[in-house]
Structure formats: structure tokens, C-alpha cells
Amino acid sequence: MRVLGVDPGLTRCGVGVVEGAPGKPLRLVSVDVVRTSPDDDIATRLLGIELGLEALLDELQPDAVAVERVFAQHNVRTVMGTAQAAGIAMVCAARRGIPVAMHTPSEAKAAITGNGRADKAQVTAMVTRLLRLDAPPKPADAADALALAICHVWRGGAQARIDAARLAARTTGRTGD
């Protein structure tokens, strides 16, 4: 499975692609940051994020996209920008029919380090180790995107099977089979 992880942000939107399967070694495919200028208006910044993500989706062709679920922070303005960038990532994936999953920061941290309250340094160290990288990915947004992708590789398959079973049960129940 090839997963594009997206750590949404208006100024720096971390993106990382990982290939792997549960119980098998992971492989780094790509890591980058889509950047926009804080001096640009919001519409221009969102367009820049969309264009960057569209190009990556075309080039890397992931099987799934894992986006960080936005959580309430103290700064509402930051939350709004992060949520808008996350929405762009979801729309870009949906346009191509690519499944989208959302993982909280705690879920990604727990998947990578075993501790849902791990700090950024711990997450970056484990991402570096799991992907057998010579140096930690920088900036932190890139490491966070890779953590989301790894989290989805390891947890997403099981969640997809659960969701498919739920859908099948609802569908079967509706048709009277």
C-alpha cells in the first residue's frame, strides 16, 4: 500500500509518501513541504496548496491519503487555516477516487512511538528509524506527514476492513437478504 500523509497547514503543509504493509518493512517514497506565503490572501494560499497536492498526487499515485484530523487549539485562526488546508487535501484525493482517512495527532503518535503523548522529537526519531533514513526529515511538518502515512499503513487496512463490513451489514439489512 502506498499512502500519502498530509500534515495540513497554510504556511507549511507537510506531505510524505510511504509504501508498506503491516508486519513488513516500510519504504520512503517521497517527503516534501508545500509552502505558501503568509503575505498572500487566503484564497491564493489555498490554491497554492491545491496545486502542490495535485502535482504530488499525479506524480506519486498513492492508494490512500491520510490527513491529520484538526483538533481545537487555543488559536481559532490557526485552527481555521489548518482545517481549510485539510479540506483541500481531502477534495484533491476525492476528485481522484482515492480513499481518505483522518487520524488524530495522538493516534499517529501512538502508532509510531507507542505513546499518544510523544513529543515531536520522539516522533521524528521513530520515523527516521522506521524508514531507515540517514537523517531526520525536516521540517517537523514533513516528519509528521510521514508519521500519518505510517500510521495509516499499519492501522488503515484494519479500519478499511471494519468499514467495509459495516457497509455490507447495512446494505444487506436494507435489501432484506
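**Exercises on a predicted fold**

Helix H1 is 19 residues long and spans 27 Å from its first C-alpha to its last, close to the 27 Å expected at 1.5 Å a residue; that expectation is 1.5 Å times one less than the number of residues. Helices (H or I, at least four residues) and strands (E, at least two) are DSSP runs, numbered from the N terminus.

Before you start: this is a predicted model, so local features need pLDDT of at least 70 and side-chain atom pairs count only at pLDDT 80 or more, while totals for chains, interfaces and linings use all residues. Residues are numbered from 1 along each chain as its sequence is written, and side-chain values use heavy atoms, with hydrogens and water left out.

**Exercise 1. Work out what holds the ends of H1 and what its buried residues pack against.**

Step 1. Start at the N-terminal end: Asp-41 caps it, with a side-chain oxygen 3.1 Å from the backbone nitrogen of Ala-43.

Step 2. Go to the other end, where Gln-61 follows H1 with a positive phi, near 45°.

Step 3. Pick out the buried residues (under 20% relative accessible area; exposed is over 50%, partly exposed in between, with a 1.4 Å probe and protein chains only). Among them in H1 are Arg-45, Ile-49, Glu-50, Leu-53 and Leu-57.

Step 4. Look for their partners: the buried residues of H1 pack against S1, S2, strand S3 (27-35), S4 and H2. Contact here means heavy atoms within 4.5 Å.

**Exercise 2. Find which residues of the largest nonpolar core touch the most other members.**

Step 1. Set the rule: a nonpolar core is a set of buried Ala, Val, Leu, Ile, Met, Phe, Trp, Tyr and Cys residues joined through side-chain atoms within 4.5 Å.

Step 2. The largest has 22 residues, and Leu-4, Val-6, Val-15, Ile-49, Leu-53 and Val-65 touch the most other members.

Step 3. The elements giving two or more residues to this core are strand S1 (2-7), strand S2 (12-19), H1 (42-60), S4 and helix H2 (76-95).

Step 4. Another core lies apart from it, with 16 residues, including Ala-118 and Val-127.

**Exercise 3. Decide whether Arg-2 is buried or exposed, then find its side-chain partners.**

Step 1. Arg-2 lies in S1, and its relative accessible area is 19%, so Arg-2 is buried.

Step 2. Its side chain makes a polar contact with the side chain of Glu-19 at 2.7 Å. A polar contact is a pair of N or O atoms within 3.5 Å; within protein, one must be able to donate a hydrogen and the other to accept it, and residues adjacent in sequence count only if both atoms are side-chain atoms.

Step 3. The Arg-2 side chain also reaches the backbone oxygen of Leu-60 at 2.7 Å.
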